[in-house]
Every structure is written in structure tokens, then in C-alpha cells.
Amino acid sequence: MPTRPAAGRRAIEVLLEAELPRAEGRRLVLVDAVWADGDGERDFTVQIDGTARRVHVTDQDSPLGITEAWQQHLAGTGPDGDGVLVVTGRVPADQLGWDLRGHAVRRRPLSVDRAGIITQLFGAENLDTRMVREAWLLDALLDAEPSAGWPRAGGVLTRDRALRALLAARTGLGDTGADSLDLDADTLFDWSRGPAGPRRFAELAEPERAGLTEWLAQVTGPAAPTLLALAADGRGADALPLGALAAAALGCPAAADAGFALGTLFGNALGSFDALTPFAAAATGVLTRWIAQAEAGGPTGADARARVVAVLERADQLADTARLTPLLTEDRLLPSGYRARLRALATTLDGRPGPAQDALRRLADHQLATLYGESTERARTAVRLVRWLDTPASEASPVGQAVRQHLRSTGRVDLAVGILAEGDASRDGILGEAYHRLIDRVRDRRRQLDEQFARNLATWTEAASQQAPNGALLIEDVLAEAAAPLARDGGRPLVLVLDGMSADVAVDLAAGLDPRAWTEICPAAAAGRRPGRLAAVAMLPTVTRVSRASLLCGTAADGGQDVERAGFTAFWKKRRRSSVLFHKGGYEGTAGHRLAPALLEELAHEDRIVGVVVNTIDDALADGRESGRARWRTGDIAKLADLLDAARGSGRPVLLVSDHGHVLDRGSRGAGPTPADGVQGARWRTGSAGPGEVALAGPRVRAADGRITAAWHDDLRYTARQAGYHGGASLAEVTVPVLAFVPSDSRIPAGWTALPAEDTVPDWWRGGTGPVAEETPAPMTQGRGRKQAAPQEEGLFPQPGRGTPGEETVRSAAYRSQRDFVRLPPADTAVAAALDALLAAGGKLSPAAVASAAQAATGKSQRNPERFVTVLERLLNIDGYPVLQLVESGRTVHLDKELLRQQFTGTGGTPV
């Protein structure tokens with residue numbers, strides 16, 4: 001006897017909905033199928049022509065059983081009832097008597113056409129013929145129909161459409177009502193991480209699981225069977241971690257040994273080892289894309305980062321369980337591989353820069369280097385310090401040169417030490433000890449510099465004055481030498497005094513300013529000299545009362561806010577300019593205001609010079625900075641971001657200056673103050689100088705009758721513990737950073753020039769992660785100032801004897817033709833120099849650096865770097881080809897050297 005089809009409740013409901021409206025009152029329905037559902041589903045209600053009809057299903061295996069069931073039904077419902085009896089079972093139609101058939105709908109057993117039912121349920125006209133032969137799919141579609149019904153399919157219900165709907169209904173992967181579902185490995189792996197979907201898949205009948213697996217393998221790739229087998233085994237959440245682990249194991253030198261361990265982790269979910277490679281490749285592809293999303297930042301990036309870290313940390317846990325970790329130390333994806341590279345770098349920090357830079361390059365090559373950005377940057381900072389330690393010890397410099405060098409170089413050493421002192425987030429003991437030893441070596445050398453500086457400071461202080469500064473910029477001359485030049489020709493600088501800002505804080509703040517908003521500038525240098533940031537010498541002792549008063553009065557002074565306000569007004573009055581100075585409490589806005597309306601009114605004034613004193617840094621050092629972080633960002637300093645925005649909105653240049661610096665407390669927690677006589681402050685006193693101290697006397701000493709003793713050793717203090725101290729004679733305390741900025745859409749004032757970010761950092765800080773390269777000598781001059789061509793990359797411009805690449809470009813016919821269409825183009829010399837600078841830097845520079853190169857070649861200041869770059873784009877981007885363009889949101893100028901060659905010095909670009 002052939003196998004009878006099975007019919008469940010939903011199939012019977014559809015059958016009744018189709019047959020009862022034309023049943024002519026008959027209430028017996030014979031079905032040529034066996035009952036597929038349990039006893040609990042035998043009684044239900046169906047809607048027929050708006051009327052609810054009670055239905056009872058009975059499964060009978062003999063004609064007598066059917067007759068008895070029908071008689072019982074009639075007795076229970078009465079002759080006028082509307083209840084329907086549905087009889088299923090294995091009784092052949094030819095064994096049913098005509099008296100029984102006479103009571104049945106259509107007078108015969110009705111067949112269950114599941115394909116027809118499915119077509120009807122989807123509102124389709126026809127069914128994909130492949131589905132007719134797939135009983136598991138038809139049964140599953142009948143069983144899984146949503147409460148709101150299947151979506152309407154229209155003409156033909158395709159197999160893919162039906163499977164997408166089934167997958168959504170059964171596992172939650174997609175939406176049953178969607179016309180399409182973008183299924184790929186990313187979607188499948190992401191689905192596997194949730195608890196509900198894999199659990200629902202595991203609960204499906206084996207034929208349905210197998211059918212869905214086969215289809216998903218066709219749609220998403222060969223990784224699907226292994227992933228779904230893990231889901232069926234209740235381990236869907238481990239699918240992606242196992243994929244990452246498999247990729248690491250297959251790529252390790254001991255892949256054979258790792259394979260056995262992998263087999264224990266996958267268990268029966270792995271059909272064969274041949275399935276491992278595509279599964280691992282799909283998993284790493286998903287993770288690589290997630291990593292790219294994480295590196296992009298923003299809320300989406302933060303979510304992607306959390307996903308990546310969770311998956312890979314779980315992969316490391318699984319590796320540890322299987323004792324695979326020692327075999328995977330070279331992996332580029334697992335966190336354990338990143339930590340192994342970090343430890344390897346730690347072992348190089350006691351030596352020369354070469355091995356450390358190689359280790360850093362390997363660390364940066366790890367795929368998690370950007371996601372673990374703080375650790376990577378801290379490691380990079382450590383290697384910078386190794387490079388600094390490898391630089392030759394400098395001779396003792398005059399005081400003015402020493403403070404400028406501190407702002408450019410050793411101030412960054414202090415910044416780097418602060419970053420390392422925070423410790424790494426990994427809390428790795430070996431790495432922490434390596435950083436500790438490096439910090440000790442750096443501090444020893446820094447103390448030597450501070451001791452040299454203190455001796456020179458003592459000699460210099462004896463006679464230095466405003467009339468004889470001996471090559472140094474004095475703090476009382478900062479307004480005259482920096483603020484007043486910015487105020488020429490109607491300029492209205494905002495003088496921002498950040499009390500206690502040392503060189504390390506200043507360079508970090510400057511690096512954090514958005515170059516799209518601000519351009520750093522400095523006084524134009526004399527011919528043959530390199531422009532750079534200004535650094536002044538603080539008044540002594542290096543405390544607010546004398547240094548800040550001298551700064552704001554423009555002459556040696558001491559006093560509080562009243563003295564500062566009077567001196568600031570008097571200074572600008574002598575220059576026929578009105579001014580106003582705001583102190584703490586005067587510029588903060590009241591409720592509803594970010595800044596005080598009075599300040600905003602003054603900033604909007606067409607002539608007024610405005611000064612603001614911000615105490616955040618000095619107050620934080622006195623009170624103890626809770627975060628313990630070495631770095632200061634604009635948002636860390638109260639109202640600084642608002643002040644800068646208001647200045648930019650008013651078109652004002654900004655002079656960012658300090659009154660003195662500070663040293664941080666890096667002593668042990670139990671260390672107390674140094675016992676001493678004549679203590680006047682945390683880092684200065686009266687009396688004879690001892691170890692770590694220097695005696696200072698002269699006209700610049702504004703306390704204790706012109707004679708004090710100041711500490712130069714960074715661990716020396718005379719008062720209770722604080723986060724930081726000032727008043728002493730170290731480079732960090734005496735150096736006063738003087739930084740100037742203009743809004744990026746403004747012209748650079750006359751006598752000033754753009755200061756490229758590339759020119760503000762020393763070589764030891766800027767060094768890359770690759771092997772140390774020998775320095776190339778600067779181009780020599782040959783007769784009448786003509787520059788000798790610098791060596792170029794072989795094959796870049798294969799025309800020897802024709803000059804530098806930039807010179808060849810501006811002599812080409814294509815360039816000369818394009819130049820005729822650009823209004824007020826810059827000189828050819830400027831364009832050539834800018835191109836040569838970009839090529840020498842690998843094709844990328846900041847707009848300020850490009851403008852600076854042009855200025856150095858012509859002597860003419862490019863007072864708007866962004867406009868200069870825009871003109872270069874018009875000159876070089878013929879027919880829309882992006883030879884040169886601004887990238888990274890305007891922060892970087894990118895030159896495509898191959899396009900430059902093709903457009904200007906290849907075929908069609910023959911020099912004239």
C-alpha cells in the first residue's frame with residue numbers, strides 16, 4: 001500500500017475553507033491523508049462565509065470506525081448542527097460504502113494537495129515546479145505560516161522566495177514580508193551571535209534543517225553548513241570565534257598539530273577538514289569588514305569595535321581551552337597575537353632604536369592595532385623615547401635657545417613620559433616593567449638637561465633684562481613681540497592665557513586643534529633661517545603672581561588681578577588700542593549661556609583687544625587631576641573650545657600663551673616634602689642652595705629681595721603633595737609656550753607665515769615604524785642660487801637633465817595651457833617647489849607645509865594655505881583627473897605622482 005500523505009491542522013483548515021462554502025450542508029469531510037498533529041489539535045474553529053464552524057478531527061483505520069465516529073458526531077451535534085467532522089486515516093476509498101459517501105463532501109475522500117494549498121496561501125497563481133517534489137518544504141511552509149499569513153507573491157511563487165519567507169519565520173533571519181533578503185556571510189554570522197535564532201534552528205526537524213542548510217550554502221557560500229551545524233549543536237554563538245581561531249590555526253607554522261586541537265573544538269559540526277578553510281576565510285572576511293567599520297569611528301564604529309573585541313576575546317578563550325595559544329603567537333588577528341607582539345616590543349626598549357622600530361612595525365601590522373589604539377600609540381611613544389635616548393647629547397645652550405629647544409623637543413619628551421607613566425590598558429606586568437625602566441632612563445637624561453639649564457639660567461639671570469635679554473624672549477615682552485604684531489593693520493587678537501601650561505601641554509593642545517578651523521602661524525624668519533614657534537622665559541620664581549603679572553603688564557611686575565587688568569589696559573593704550581581683560585568668573589556664562597554675554601560683546605567689537613585668563617590647568621595641578629591622564633585636550637580645559645569658537649566666529653587670531661610651566665609629581669606615594677629652611681613655595685625658598693637646587697639672583701628675580709633658591713630636580717618639593725608644582729628652575733617650569741593661530745578661512749597677517757605641523761616636531765618624534773633610514777643631505781646651491789636637483793625615484797621622470805619633477809611639470813605644454821585658464825596663478829617657482837616637497841614626502845603633506853615650501857622657494861608668503869592648494873588643484877587636475885586633492889576632511893594634500901607623470905611629463909605632456 002502506498003504511503004499516505006500527512007495532513008496537519010493548517011492543511012485541513014485550508015481544505016475546509018475551500019470546500020465547505022459549496023458543500024450543500026454536508027458536515028462529513030473524508031480526507032485521503034493521515035493526521036499529522038497531536039491530540040491537542042483535533043478540535044478547532046474555522047471561519048466559513050463569516051460564520052465560525054466547529055471542527056473535530058478523528059483518525060480512523062477501518063470503515064466501521066468511520067461509521068461509528070460519524071454516528072457519534074451526529075448524536076453529539078444534532079441533525080441541525082453545523083459542526084464538521086473530518087476523518088483521516090488509512091482506509092482506501094474503495095472500501096467506503098455509498099451510504100457513508102452520501103454524507104461526505106463531494107461524496108469521496110478529498111486529497112490534500114499541499115502544493116495547491118501553498119500556492120493559495122501565498123496568493124500566487126503558480127508554483128515553482130521544483131517545490132512540488134520537496135515534501136519537507138511544503139510541510140514546513142504549512143506549519144510555519146505566520147498569524148497574519150504569508151505575504152502575497154503575485155504570479156509565480158519561486159522557490160527562493162518561499163525559502164526566504166520560511167527562513168524568516170522559522171529562525172528570525174530576515175523579514176517574512178520583505179520582497180528580498182540580502183543574505184551573505186556577514187548576515188549569517190551576525191545572526192549566529194544571537195541566542196534565539198540558532199536555538200529555533202536547532203529545534204527544527206532534521207529534513208527541514210538539511211534543506212535550509214543546502215539552500216543557504218548555495219546563497220551565502222560554503223561556510224554555511226559548518227555554521228548551521230554549530231547552531232544545531234547549540235553553539236551558534238561560537239561560530240565566528242571558531243572561524244577566527246581556525247584561520248589562525250591554519251596559518252600557523254604548526255598547522256598540523258593545531259588541526260587536531262581544532263577537531264576537538266568543532267566536534268561533529270565539522271563535516272570534514274576540507275570545510276575548515278572556506279569557513280575560516282568567511283569568518284575572517286566578516287571580522288575584517290567589522291574592523292574597518294570600527295576604525296571609521298562614530299556610534300556605528302563603537303558598536304563594531306565591541307563586536308570584534310567580544311568575538312576575538314572568545315576565540316582566545318577557546319584557544320586556551322584547546323591549548324592552542326602557544327602555537328598562535330604570530331597571528332595577525334587574535335588579541336593574544338597582539339599582546340605577544342606588544343611583549344616582544346617590550347624586550348627591545350632597553351636597546352638601540354633599530355630593533356624597537358622593527359617590533360613597532362610588526363605591532364602596527366596587526367589587524368587590531370587601530371582598535372587597540374591607545375596601546376599602539378603608547379608603544380609608539382615608547383619607541384620615540386628610545387630614539388630620543390639615541391640622539392647625541394647636546395651641548396649646553398644659551399637660555400633663549402634652550403627654552404625654544406624645550407618647546408620643540410624636550411617638552412615632547414615630558415609628554416611622552418606622561419603617556420607611558422599612565423600604564424598600558426593590558427595591565428601586562430612585563431610590559432609595565434619595560435615602560436618603567438625606560439621612564440627611569442629618560443628621566444635621568446632629562447635631569448642632566450635640567451641641571452645644565454639651571455647653571456646657565458643662574459649666570460644669565462644675573463644681568464638679563466628687557467634692555468638686554470641676551471637672545472631670549474622675555475615673558476614681559478610677549479605682548480610686544482607677539483600680540484602687538486597680530487594687532488597691526490586693525491588686527492584684533494584674542495590673548496588666551498592658560499595659567500600653568502607647560503610645553504608638553506601646549507604641543508598636545510596645538511596638535512588637537514582642527515586644521516580645517518585653525519592655521520598655526522609664526523613670525524616670518526629672516527633669510528636662511530627656519531621659522532618656528534616662540535618660547536619665552538618666565539619671571540622668577542616661576543609663580544603666577546610675578547610671571548602672569550609681568551606677561552599681562554608688558555613689563556616686570558608682581559601682583560594680582562587688579563594689577564594685571566591695569567597693566568593690560570595701559571600696554572594697549574600706549575599703542576592707541578582699547579582692551580579688556582577677563583579673569584576666572586568673568587567669562588563663564590550664567591545659566592543658559594556658554595560664555596558671558598559681556599565677553600561675546602567685546603569679541604564682536606571691531607577694535608577691542610581681548611584677553612582671557614583660564615586657570616583650569618593650574619587649578620587641576622593644585623587639586624589633583626582625577627583622571628590621571630597625561631594628555632590635555634581642548635575639551636579638558638574649561639570653556640577653551642567655546643572661547644576658540646567665539647574667536648573664530650569673530651575672525652580673530654588667537655595668541656595662546658602661558659605664564660609658567662610645571663613639573664608633575666612622579667615620586668612614590670609615601671614620599672614627603674624635602675625638609676628645608678626659608679620655604680616660600682612648593683619649589684622655591686631662601687637660603688643656600690643644596691643638591692638639586694640653584695641659587696638665582698638678579699633683576700628678573702621678583703621676590704625675596706632679588707635672591708632665591710629654586711629646585712631644578714623634578715622630584716624636589718618643599719610643600720605637601722599635589723599633582724604638580726611650579727616655582728622652580730627646571731626647563732618645564734621656566735619655558736613659556738607662545739603659540740599663534742588664525743582662522744583657516746582668514747588671511748595670514750603680514751610678517752607672519754603658516755607653520756606646518758610637520759615643522760613643529762623633532763626628527764626623533766616623527767620617525768616612522770620602519771628601519772632607520774640615513775638622512776639625505778639638503779640640496780646644494782649652484783651659482784646664482786639655482787638648486788641642484790634632488791635624487792628622485794628611478795623611473796618617475798625618465799628625462800635626465802631636465803630639472804626637478806616640479807620644474808618639469810611647470811615647463812610642460814599641458815601645464816602652460818592649463819595655466820592660461822586659471823585666474824592669478826602662483827609663480828611657477830612656487831608650484832614647482834610645492835610639487836617637489838610633496839614628492840619628497842611620499843605624496844602627502846598638510847596644506848600649511850605645501851604653502852611653506854612655496855614660500856621658501858619664492859620668499860613670498862602664502863597667506864591662505866587652503867586657497868593656495870585650491871589653486872593648485874585647478875592648475876593640475878586637467879579634465880577632472882585628481883592629480884592633487886585635499887583628503888582626510890581637508891587635513892592633508894595628496895599628490896598622485898603617477899597621474900602627475902601621465903598628465904604633464906608623459907605622452908601629451910612634453911615639456912616646452
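In this predicted model, contact means heavy atoms within 4.5 Å.

Q: Which residues of helix 14 does helix 12 meet?
A: Helix 12 covers residues 239–251 and helix 14 covers residues 276–296. From helix 12, the residues in contact include Ala 239, Leu 242, Ala 246 and Leu 250. In helix 14 they meet Leu 276, Thr 277, Phe 279, Ala 280, Ala 283, Thr 284, Val 286, Leu 287 and Trp 290.

Q: How many residues of the contact of helix 12 with helix 14 are nonpolar, polar and charged?
A: Ala, Leu and Trp are among the residue types that count as nonpolar, whereas Gly counts as polar. On this basis, the contact of helix 12 with helix 14 divides into 14 nonpolar, three polar and no charged residues.

Q: Are helix 12 and helix 14 roughly parallel or roughly perpendicular to each other?
A: The two helices pack at an angle of about 110°, with their axes 8 Å apart. Angles of 65 to 115 degrees count as roughly perpendicular. Helix 12 and helix 14 are therefore roughly perpendicular.

Q: Which strands stand at the edges of the open sheet?
A: The open sheet has four strands in the order 2-6-5-4, with mixed pairing.

Q: What is the bridge partner of Gln 60 in strand 6?
A: Strand 5 (residues 51–60) and strand 6 (residues 84–89) pair in the parallel sense over six bridges. In strand 6, the partner of Gln 60 is Gly 89.

Technical notes. Residues are numbered from 1 along each chain as its sequence is written. This is a predicted model: local features need pLDDT of at least 70, side-chain atom pairs count only at pLDDT 80 or more; totals for chains, interfaces and linings use all residues. Side-chain values use heavy atoms; hydrogens and water are left out. Two strands pair if DSSP finds at least two bridges between them. Axes are lines fitted to C-alpha atoms, for helices over the stretch in contact, and angles run from 0 to 180 degrees between N-to-C directions. Angles under 35 degrees count as roughly parallel, over 145 as roughly antiparallel, 65 to 115 as roughly perpendicular and the rest as oblique.
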